[in-house]
Amino acid sequence: MGRTSVASLKQRMNKEQCPVIVTWNVVEYRKAAQKHVEQTDVVLEVGCCGGTTTSIIGKQCDFTMGIDQTQAEIDIARKRFGQPGHVEFEVMDAFDMPAVLRMQEKVGRKFNKVFIDINGSRDIGPVCDCLDKYQKVLRPELIVLKSIKLKNLLYQCVPWDEEHSEQTEEAAEETKPSEGAD
Ligand SMILES: C[S@@+](CC[C@H](N)C(=O)[O-])C[C@H]1O[C@@H](n2cnc3c(N)ncnc32)[C@H](O)[C@@H]1O
């Protein structure tokens, strides 16, 4: 993830937060799956559609589950990639956290990484709401998110920190009118 590692991001987080990798499109999203999923991981993909990314994740770890609100997509995913006990699919609303928790309990393992793709071009509001819910309820180690608008916004933003504060003070000092000047 560029020059910032997942480990260094973790140092800046509070207990409710985890590093979030934001991808623009399915190519980046799947590359992130290949880079950040390890054998012992238990991974949930939220918005799995026909299951292609879930199956890529499944090649790299012991257990993965894909959920989607559309029954027809889940039927396709099960037919193409379903392997009970290894790659599984369930119909579920991404925002129904009690149902997600019930499913985690049924599976009997904690999802330690979560991939979220509830339509990459949708507005930031519901995407951030979804992100917040999964951070707080599942407390995973890592979330990978697909959202064009959020990634664009991130490129626009610079977090305020002391470094910037000092720079601004220096700049203000430099632009101060000298004594005696009009
Ligand atoms: C772009 S597709 C996912 C593609 C898939 N992640 C992949 O990489 O192959 C987005 C999916 O999000 C699902 N989706 C959108 N809103 C949802 C919600 N509230 N709950 C569950 N699934 C949702 C849609 O049904 C759709 O299948």
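Q: Into which classes do the residues of the shell around the ligand divide, and how many are charged?
A: In this predicted model, local features need pLDDT of at least 70 and side-chain atom pairs count only at pLDDT 80 or more, while totals for chains, interfaces and linings use all residues. Residues are numbered from 1 along each chain as its sequence is written. Ala, Val, Leu, Ile, Met, Phe, Trp, Tyr, Cys and Pro count as nonpolar, Asp, Glu, Lys and Arg as charged, and the others, Gly among them, as polar. On that division the shell holds seven nonpolar residues, seven polar ones and, as for the charged class, four.

Q: Which helices each supply at least two residues of the shell around the ligand?
A: Helices (H or I, at least four residues) and strands (E, at least two) are DSSP runs, numbered from the N terminus. At least two shell residues come from each of helix 2 (26–36) and helix 3 (52–58).

Q: In what order do the six strands form the open sheet, and which strands stand at its edges?
A: Strands pair if DSSP finds at least two bridges between them, and here the pairing is parallel, in the order 1-6-5-2-3-4. One side of each edge strand is left without a neighbour in the sheet, because each has a single partner strand; these are strand 1 (20–23) and strand 4.

Q: Which residue of strand 4 is the bridge partner of Asp 68?
A: Strand 3 (residues 63–68) and strand 4 (residues 87–91) run parallel and are joined by five bridges. Within strand 4, Asp 68 has as its bridge partner Val 91.
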